[in-house]
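Me: I have a model open and would like to go through some of its local geometry and packing. Please take the points in turn and end each one on what was asked for.

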Amino acid sequence: MVSYMSKPYDLLVIGGGSAGFNAARVAASLGKRVAVVDGAKIIAGLCILNGCMPSKTLLYSTEILHLAQKGKIFGLKIPSAKADMKALHARKKKIIGEFAAYRAQALESGKYDVYRSYARFVDPHTVELADGTTLTAKKFLIATGSKVSVPAAVPGLAATPFWTSDDVLELDFIPESVIVLGGGIVACELAQFLRRIGSKVTLIQRSKNILKDHSAAATEVIQQAFRDEGIDLHTDTKITAISGDKKGVTVKFTSAGKSVIRKARYLFNALGREPNTSSLNLAAAGVKLTGEGRVRVNRWQQSSAKHIYAGGDVAGPHDIVHLAVAQGELAARHAFGVKGIKPIDHALLLNVVFTEPPLATIGVQESELSERDEKFLVATYPFNDHGKSILMDANYGYVKVIAEPKHGRILGAEIVGAQAGDLIHIFSGPLAMKATVFDLLRAPWYHPTLAEILTYPLEEIADQIKVSKK
Ligand SMILES: Cc1cc2nc3c(=O)[nH]c(=O)nc-3n(C[C@H](O)[C@H](O)[C@H](O)COP(=O)(O)OP(=O)(O)OC[C@H]3O[C@@H](n4cnc5c(N)ncnc54)[C@H](O)[C@@H]3O)c2cc1C
Ligand SMILES: NC(=O)c1ccc[n+]([C@@H]2O[C@H](COP(=O)([O-])OP(=O)(O)OC[C@H]3O[C@@H](n4cnc5c(N)ncnc54)[C@H](O)[C@@H]3O)[C@@H](O)[C@H]2O)c1
């Protein structure tokens with residue numbers, strides 16, 4: 001066994017993705033001695049390599065393609081608009097290569113020792129690398145992310161060749177047909193990408209609606225848009241058999257009780273991801289897991305072994321990159337006693353689904369308030385009655401504002417429609433500052449913009465409060 005004899009690190013980070021890198025950066029800036037251990041061929045994390053950035057690069061291309069294809073609506077003749085998959089792929093590779101190189105440069109800056117290996121705990125203060133080297137540290141951060149899950153309960157899946165999101169993001173040709181299993185964010189974003197480049201796409205989701213964590217009203221807007229674009233969408237399903245051969249795959253399922261069979265050239269498994277914990281030997285470190293298999297953490301990201309923190313997808317509760325970053329930073333600050341820090345405020349939860357139309361939410365939603373039996377005011381306004389969205393032919397969806405009934409403090413918002421991912425940020429600052437609808441109505445709103453659509457629900461709530469006070 002190779003043993004590393006130097007003194008213990010102040011912080012040893014396992015996993016150099018968004019959570020791990022940002023924890024290391026913060027700890028190093030506090031003057032701490034930091035090691036990052038990661039066995040990936042390229043250390044840049046899921047977001048840069050196979051998540052947010054490649055998917056949004058490709059989706060932006062198909063957004064432009066889609067607009068070009070409906071050029072006639074705008075008085076334009078672009079009849080030959082098509083995806084050039086080799087060029088699309090090359091552009092994505094170049095952009096991702098640059099982001100990854102930038103991250104590699106930051107990791108190799110000399111501020112941290114980087115060990116290119118996977119790590120496992122041998123005791124609460126020691127990890128072992130693949131070559132037998134052991135490293136010790138006073139504090140640890142587990143930031144090992146997540147991996148695609150292959151649910152055993154789906155008959156035939158494990159025995160059938162399938163693509164994951166990694167494969168879809170690497171495509172340099174147009175697949176003639178694809179069956180997408182699942183209707184979560186990964187499935188929906190990439191099903192629309194595949195459809196827009198020209199594949200025949202079938203999507204099979206178990207629950208009554210796709211994007212099941214969102215309101216039925218919002219997901220129905222996206223379902224309608226998907227059907228309008230020609231996606232063969234099935235919800236309320238139970239998969240009964242999956243089989244495949246060299247020619248393609250067959251999926252048998254029931255949908256609302258009826259038997260359905262679909263065939264396609266390729267199968268895309270988007271049934272979810274699971275935390276990367278199995279190879280860490282966490283029992284040796286006294287680190288406990290939740291029922292979902294994530295590392296159980298408190299509000300400071302500390303695990304059941306208090307000197308071992310966890311952040312990002314491995315800890316959850318949401319696989320969202322800005323939360324992974326915030327959790328990594330919080331863990332590092334807490335570990336080294338930085339004063340005045342605050343836990344992550346989950347009342348500010350921000351979520352964006354980059355479909356078209358996109359769906360974005362912030363804060364607390366109606367269903368949660370109803371469950372808690374809390375009083376609230378809500379107002380909505382449709383995009384098909386707003387000047388800017390009408391001229392953009394962006395008619396799907398609506399904006400919704402939710403506020404507390406006495407003073408009009410904004411509690412949350414939901415936007416499904418054009419530029420929702422950017423529009424939702426209009427509420428980020430006000431929500432953090434506990435602003436009211438009256439505060440936002442004092443602000444100027446330029447005409448004609450998509451943003452000014454928000455004045456309608458804000459005014460409606462303000463009116464309801466004024467009437468109730470008369
Ligand atoms: C297709 C797709 C699109 C997405 N799009 C978005 C988006 O638009 N917006 C958004 O907010 N989120 C998005 N996400 C989610 C987001 O990418 C993740 O939440 C985020 O990247 C997780 O960061 P992390 O630091 O927890 O893990 P990762 O970035 O996955 O880092 C984990 C690291 O740990 C390493 N590792 C694993 N095991 C070990 C071990 N035993 N020892 C050492 N190292 C180890 C891995 O090699 C890896 O480098 C998307 C995800 C997918 C799959
Ligand atoms: N825009 C973003 O922020 C973004 C983009 C992509 C991914 N992500 C994150 O990555 C994580 C993983 O996303 P995901 O979409 O892979 O997972 P997910 O868990 O969100 O979705 C998987 C879906 O598959 C469905 N499903 C499971 N078993 C099924 C079955 N037997 N038959 C049919 N449907 C079944 C589930 O009901 C669920 O809706 C998410 O937590 C998400 O937050 C975020």
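Reply: Just after α1, Gly31 has a positive phi of about 85°. The model is a predicted one.

Me: How far apart are the end C-alpha atoms of α1?

Reply: The helix α1 has 12 residues, and at 1.5 Å a residue these should span 16 Å.

Me: At what angle do the axes of α1 and α8 cross?

Reply: Two packed helices are described by the angle between their axes and the distance between the axes. Here α1 covers residues 18–29 and α8 covers residues 321–335, and their axes come within 7 Å. The crossing is right-handed, and its angle is roughly 35°.

Me: Which residues of α1 meet α8, and what classes make up the contact?

Reply: On the α8 side the contact includes Val321, Ala324, Gly328 and Arg333. On the α1 side it is made by Ser18, Ala19, Gly20, Asn22, Ala23, Val26 and Ala27. By class, the contact of α1 with α8 has nine nonpolar, five polar and two charged residues.

Me: Which residues are closest to ligand 1?

Reply: The shell around ligand 1 holds 38 residues. Elements giving two or more residues to that shell are α1, α2 (45–50), α3 (52–69) and α8. By class the shell divides into 18 nonpolar, 16 polar and four charged residues. The closest residues are Gly15, Gly17, Gly45, Gly145 and Gly312.

Me: Is Val114 buried or exposed?

Reply: Val114 is in strand β3 (residues 113–115). Leaving aside neighbours within four places in sequence, Val114 is in contact with Val36, Leu107 and Glu108. With 20 other C-beta atoms within 10 Å, Val114 is therefore buried.

Me: How far apart in space are Val114 and Phe253?

Reply: In sequence, Val114 and Phe253 are 139 residues apart. In space, taken C-alpha to C-alpha, the separation is 48 Å.

Definitions and conventions. Residues numbered from 1 in each chain as written. Chains lettered and ligands numbered in written order. Predicted model: local features only at pLDDT ≥ 70, side-chain atom pairs only at ≥ 80, totals over all residues. Axes fitted to C-alpha atoms, helices over the stretch in contact; angles between N-to-C directions. Helix = DSSP H or I, 4+ residues; strand = E, 2+ residues; numbered from the N terminus. Left-handed = near helix turned anticlockwise from the far one by under 90°. Contact = placed C-beta atoms within 7 Å. Nonpolar A, V, L, I, M, F, W, Y, C, P; charged D, E, K, R; others polar. Near = placed C-beta within 6 Å. Expected span 1.5 Å × (residues − 1). Buried ≥ 20, exposed ≤ 12 C-beta atoms within 10 Å, placed from the backbone.
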